[in-house]
Amino acid sequence: MGKDKLKRFAEMANFSNTYQFPENSAGTWHREVFGNNNPITLELACGRGDYTVGLARLFPERNFIGVDIKGSRIWRGAKTALEENMNHVAFLRTYIERIESYFAPGEVSEIWITFPDPHPPAGKSKKRLSSLRFLQEYRKFIQDGGQIHLKTDDKLLFDYSCFVAKSLGLEILDEVHDVLQERSGDPVLDIRTYYETRWITEGKKIQYLRYRFDFDRFTPENIARAESELAEWLKAHNAPRPY
């Protein structure tokens with residue numbers, strides 16, 4: 001590990017807004033971390049926390065938690081939040097595969113998934129953070145009626161995520177295929193991550209999806225039907241990519 005990363009890890013250990021693999025945190029975020037009952041928004045795979053901090057600037061009446069495993073990246077967002085006295089921002093360092101263990105049922109009202117690893121091979125589709133597998137995990141702590149946001153430059157991931165939500169019968173609230181062309185000037189979608197800025201420069205289209213969680217759609221029968229439809233979709237849309 002480089003000297004800069006070691007220095008950041010040492011500094012982050014003393015950050016008051018950063019929690020690394022905390023124990024018994026479920027159900028405590030409002031009371032012990034934020035000191036209020038305002039809605040909590042998670043940003044999963046937050047990287048440097050660009051979206052966590054950007055949203056917090058726009059919505060001081062909400063609480064925000066950026067989640068990622070890479071502490072050297074979290075350091076940047078956490079440090080910025082401290083410098084700007086953002087008491088409604090926190091960062092959680094952990095594996096997203098364990099995310100449900102850190103929050104109580106209904107503790108989170110909204111989830112942002114910003115430019116996650118698209119895991120293009122069909123065999124790795126369950127690792128996609130918008131997969132049916134992960135949606136069932138989010139159901140354990142998101143509020144009924146809560147919203148999921150996805151922002152990505154990867155068309156396969158975007159199309160897949162749309163299909164997953166629609167196969168479950170979840171209400172699509174927004175489906176944008178080219179953010180720059182269709183939503184220029186939108187303060188929420190104008191927030192840009194470090195890599196997003198680079199991808200835009202390279203001419204890649206940025207896509208955005210927003211839909212509403214509905215617990216009634218997560219019956220065993222509906223999930224089984226969605227899994228069957230998704231298997232067929234994957235066969236048709238996950239041809240090997242040329243390298």
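**The core and the strands around it**

Guide: The largest nonpolar core has 43 residues, and those with the most contacts inside it are L42, L44, I65, I99, F103, I111 and Y138. A nonpolar core is a set of buried Ala, Val, Leu, Ile, Met, Phe, Trp, Tyr and Cys residues joined through side-chain atoms within 4.5 Å. Helix 6 (residues 155-168) supplies the largest share of this core, 8 residues. Apart from this core lies another, of 26 residues, which includes C46, L55, W199 and I200.

The model is predicted: local features need pLDDT of at least 70 and side-chain atom pairs count only at pLDDT 80 or more, while totals for chains, interfaces and linings use all residues. Residues are numbered from 1 along each chain as its sequence is written, and side-chain values use heavy atoms, with hydrogens and water left out.

Take I111, one of the core residues with the most contacts. Leaving aside neighbours within four places in sequence, I111 is in contact (heavy atoms within 4.5 Å) with L42, L44, Y138, F141, I142, Q147, I148 and H149. L42, L44 and Y138, which I111 touches, are themselves among the core residues with the most contacts.

Helices (H or I, at least four residues) and strands (E, at least two) are DSSP runs, numbered from the N terminus. Buried means under 20% relative accessible area, exposed over 50%, and partly exposed in between (1.4 Å probe, protein chains only). The count for strand 2 is therefore 5 buried residues of 5.

Strand 2 has partners to look at next. Two strands pair if DSSP finds at least two bridges between them. Strand 2 runs parallel to strand 5 (residues 108-114) and is joined to it by 4 bridges; T41 has E110 as its bridge partner there.

Strand 3 is joined by 5 bridges to strand 4 (residues 89-93), and the two run parallel. In strand 4, R93 is the bridge partner of D68.

H119 sits in the loop between strand 5 and helix 5 (132-138). H119 is not a glycine, yet its phi is positive, near 45 degrees. H119 counts as buried because its relative accessibility is 17%. N24 belongs to the loop between strand 1 (18-20) and helix 2 (29-34). Its phi is also positive, about 55 degrees, although N24 is not a glycine. With a relative accessibility of 71%, N24 counts as exposed.
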